[in-house]
Amino acid sequence: MTKQVIGLMSGTSVDGIDAALVDISGTDFDLKVELIAGATYPYSRELRERILAVCSGEAISMQELAELDDAIALAFAQAAQNIQNSHETATLIGSHGQTVYHRPPSRGQGTGDRGQGETFPNPRFLGYSLQLGRGAVIAHLTGITTVSNFRVADIAAGGHGAPLVPRVDAALLSHPQEARCIQNIGGIGNVTYIPARQDNWLEKIRGWDTGPGNSLLDLAVQYLTNNAKTYDENGAWAASGTPCHALVEQWLEQDYFHLPPPKSTGRELFGVTYLQQCIKDAEAYQLSPADLLATLTELTAASIVHSYRTFLPQMPQQVFLCGGGSRNLYLKHRLQELLAPAPVLTTDEAGLSADFKEAIAFAVLAYWRKLGTPGNLPSVTGAPQEVLLGEIHEP
Ligand SMILES: Nc1ncnc2c1ncn2[C@@H]1O[C@H](COP(=O)(O)OP(=O)(O)OP(=O)(O)O)[C@@H](O)[C@H]1O
Ligand SMILES: CC(=O)N[C@H]1[C@@H]2OC[C@@H](O2)[C@@H](O)[C@@H]1O[C@H](C)C(=O)O
């Protein structure tokens, strides 16, 4: 059975909605996916600023929350309509929505005792993750069955609810002989480690959030240009500076980088307050703006590589980048130097769009939900078992 599905995603960079229209066939790890169309629909300036304010912890009333939820649902529904232009109508939408809050579960205390040796997730220690843009409204506006709220089932079972893309990565990007890392560099970075497709390879898949992707860099560029620029195009500004390695070493001492997986994070940690501390730390070294950007870029690269060296059973033979950070040539170059001899490529070179992989993944997760196939990997999210991800909304 082939199904035409739309995947919708807006990530932690809050730059806009990525929409992918895909043909999907197969069931689980035999999946085939063809990208028919992909596009990014930027948020209006007003909506983006509202979302960023909420993400940075600004107080919001219930009425404002409801309005924001539906403004996002409307923007997502419009993205779904637009991506279908001049194509056959899709029969399913997978919508990630917009994360505005993410709290990982507390460590080591995620379960309580139900008596008779049985354990259950203790609500006091569960994670919490809120994605806005309610699926019922998207289904109603588009007339298409919509799956949304993908993270809650894994979280309710005691998992992090993130990252969720690793199971899709494993289904689409494994290799018979090579161990691969798929490294997403969005606002936050996350990795999927896929061992060579041999023996019990599925059990050996790993994944976690590596830490900052572009979040600190983007905030620094906005600070340094008084909001005239939102990001360092191709990493050109950072490339004209010199990283301060002493500062990177100091920053790498931070707890998050030493926590063993499963682990997830967000703008709650790697956001404005974190950058303010970085800027303060940098004062002692009298860094130029270009040096500061080079140093923050180095933190992204070094934290990724440090996590591979610390938590992977072996270093990957190939690394494939995706997400907006894969276009940052200076960051890519630094990763290449730190990961040699493994080549650092983009997922385009493995046949999967680096720009639309996350949107494609939520189309696949919706397809799996309808088939009754689990979407999480317990070895990645820390949930005790596989669960069906997402809530189905009929139009
Ligand atoms: N040409 C480019 N040069 C440098 N950086 C770029 C370029 N294009 C995009 N980026 C970076 O990529 C970011 C957007 O990446 P992406 O859309 O993958 O993030 P996201 O999906 O919102 O985040 P996440 O994966 O954490 O949810 C931009 O904010 C910018 O920092
Ligand atoms: C809570 C949340 O939205 N997390 C995102 C974020 O952006 C990157 C990283 O942090 C990842 O864990 C996750 O997204 C991808 C799509 C995932 O779940 O795989």
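Modeller: Helices (H or I, at least four residues) and strands (E, at least two) are DSSP runs, numbered from the N terminus. A residue belongs to the shell around a ligand if one of its heavy atoms lies within 4 Å of that ligand. This is a predicted model, in which local features need pLDDT of at least 70, side-chain atom pairs count only at pLDDT 80 or more, and totals for chains, interfaces and linings use all residues; side-chain values use heavy atoms, without hydrogens and water. Residues are numbered from 1 along each chain as its sequence is written, while chains are lettered from A and ligands numbered from 1 in the order in which they are written.

Start with ligand 2. It has 17 residues around it, and T99, R151, L164, V165 and D209 are the closest. Three of these five residues make polar contacts with ligand 2 (pairs of N or O atoms within 3.5 Å). The side chain of R151 places an N or O atom 2.8 Å from an oxygen atom of the ligand. L164 uses its backbone instead: an N or O atom there is 2.8 Å from a ligand oxygen. D209 has a polar side-chain atom 2.6 Å from an oxygen atom of ligand 2. How much of ligand 2 does the protein cover? On its own the ligand has 440 Å² of accessible area, and the protein covers 98% of it (Shrake-Rupley method, 1.4 Å probe).

Which elements build this shell? Two or more residues come from each of β4 (92-103), β10 (188-194) and α13 (357-371). β4 gives the largest share, three residues. By class, the shell has seven nonpolar, seven polar and three charged residues. Here Ala, Val, Leu, Ile, Met, Phe, Trp, Tyr, Cys and Pro count as nonpolar, Asp, Glu, Lys and Arg as charged, and the others, Gly among them, as polar.

Now step back to the domains. The chain divides into domain 1 (3-162 + 356-393) and domain 2 (166-350), with bounds from an automatic or database domain assignment. Each domain gives at least three residues to the shell around ligand 2. The C-alpha centres of the two domains lie 23 Å apart. Across the boundary, 30 residues of domain 1 are in contact with 29 residues of domain 2 (heavy atoms within 4.5 Å). About 2500 Å² is buried between the domains, and carbon and sulfur atoms give 58% of that area. Buried area is the accessible area (1.4 Å probe) that two parts lose on being put together, summed over both. On the domain 1 side, F29, R107 and K357 supply 26% of the area buried against domain 2, more than any other three residues.

Of the 22 residues around ligand 1, T12, S13, D218, N234 and G324 come nearest. An N or O atom of the S13 backbone is 2.9 Å from an oxygen atom of ligand 1. For the G187 backbone, the distance to a ligand oxygen is 3.0 Å. The N234 backbone comes within 2.7 Å of a nitrogen atom of ligand 1. Alone, ligand 1 exposes 650 Å², and the protein buries 88% of that. Its shell has four nonpolar, twelve polar and six charged residues.

Technical notes: A polar contact is a pair of N or O atoms within 3.5 Å; within protein, one must be able to donate a hydrogen and the other to accept it, and residues adjacent in sequence count only if both atoms are side-chain atoms.
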